[in-house]
Amino acid sequence: MSEIAGIGEEALGEVEKGLHLHHHLGPRRERAMFATLGFVVALAITRGVTTFLHYRGAGPNGGIVVRGVHVHHLVFGIVGLLVIGYAWLLLYGFEHEPRRWAFRLTSFGYGAASALVLDEFALWLNLRDVYWQRQGRESVEALALFAGLLLWAVLIAPFARAVWRYIRGRPTIRPAAEQDVQ
């Protein structure tokens with residue numbers, strides 16, 4: 001029972017200190033996590049809105065129409081990727097270590113823009129609007145592949161590296177306290 005109480009006290013101590021992502025994730029993994037979050041949020045919103053418009057009977061030009069031309073969300077994704085890429089160039093140019101919030105925001109934006117582009121993958125592959133046709137499945141497959149890569153970077157890669165080191169016979173990194181004892 002004292003073990004459980006010790007865990008509870010440790011968790012309470014973490015909450016009092018403040019739970020900060022940078023205590024648990026390195027900068028690269030934190031950016032990958034925010035990109036994954038942006039990707040999932042934008043994909044859910046985009047698929048939700050397009051499904052709502054489709055079942056509402058908005059027709060082939062439903063959504064955003066400018067002078068009779070349907071502006072696909074692919075366009076917003078491309079513009080978003082261009083802006084995010086340029087912002088990342090500028091982030092490295094201003095400070096030796098850019099602020100954490102700037103990378104969080106741009107990583108989230110990268111994930112969101114990627115979702116918008118890949119949700120229309122079938123459009124740019126077939127050069128025609130096949131979103132609700134059988135070929136539209138190509139977009140879903142591209143989304144699944146990219147989501148898998150993002151999740152690999154966030155969740156699986158550290159474990160895979162540890163397994164690889166174990167298979168190759170490399171010693172694992174031990175805490176400093178254990179190294180001092182030996």
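Guide: Happy to! Let's begin with tryptophan 124, which counts as partly exposed because its relative accessibility is 41%, and a residue must be under 20% to be called buried. Please keep in mind that this is a predicted model.

The protein chain holds seven helices and two strands, and along the sequence they follow the pattern α-α-β-β-α-α-α-α-α. Of the 182 residues in the chain, 27% are buried. The accessible surface of the chain comes to about 13100 Å², with 66% of it belonging to carbon and sulfur atoms. Among contacts between residues at least 6 apart in sequence, 63% join residues at least 24 apart.

Now to the rings. Counting rings whose centres lie within 6.5 Å, the model has four aromatic pairs. One of them joins phenylalanine 39 and phenylalanine 146: the pair is tilted, with 5.3 Å from centre to centre and 50° between the planes. Phenylalanine 39 belongs to helix α2 and phenylalanine 146 to helix α6, so this pair ties together parts of the chain that are 107 residues apart in sequence. Both partners are covered: phenylalanine 39 counts as buried because its relative accessibility is 1%, and phenylalanine 146 is buried too, at 18%.

Tryptophan 124, where we started, has a ring partner in phenylalanine 121. This pair is edge-to-face, with 4.8 Å between the centres and 80° between the planes. Phenylalanine 121 and tryptophan 124 are three residues apart in helix α5 (residues 121-126), so about one helical turn separates them. An α-helix has 3.6 residues a turn, so residues three or four places apart point the same way.

Another ring, that of phenylalanine 103, has a charged neighbour: arginine 31 lies over its face, at 4.9 Å from the ring centre.

What surrounds these phenylalanines? Phe39, Phe121 and Phe146 are among the 11 residues of the largest nonpolar core, together with Ala35, Ala42, Ala112, Ala115, Leu118, Ala142, Leu143 and Leu150. Helices α2 (27-56), α4 (100-119) and α6 (137-168) are the elements that give two or more residues to this core, and α6 gives the most, with four. In soluble globular proteins, nonpolar side chains tend to be buried together.

Leaving aside neighbours within four places in sequence, leucine 150 is in contact with Ala35, Thr36 and Phe39. As for α4, that helix is mostly covered, since 14 of its 20 residues are buried. At 1.5 Å a residue, its 20 residues should span 28 Å, and its end C-alpha atoms are 29 Å apart, which agrees.

Conventions: Residues numbered from 1 in each chain as written. Predicted model: local features only at pLDDT ≥ 70, side-chain atom pairs only at ≥ 80, totals over all residues. Heavy atoms only, no water. Core = buried A, V, L, I, M, F, W, Y, C linked by side-chain atoms within 4.5 Å. Buried < 20%, exposed > 50% of the residue type's maximum accessible area, 1.4 Å probe, protein only. Contact = heavy atoms within 4.5 Å. Expected span 1.5 Å × (residues − 1). Phe/Tyr/Trp six-rings, centres within 6.5 Å; stacked < 30°, edge-to-face > 60°. Lys NZ or Arg CZ within 6 Å of the ring centre and 35° of its normal. Areas by Shrake-Rupley, 256 points an atom, 1.4 Å probe, with all protein chains shown as cover.
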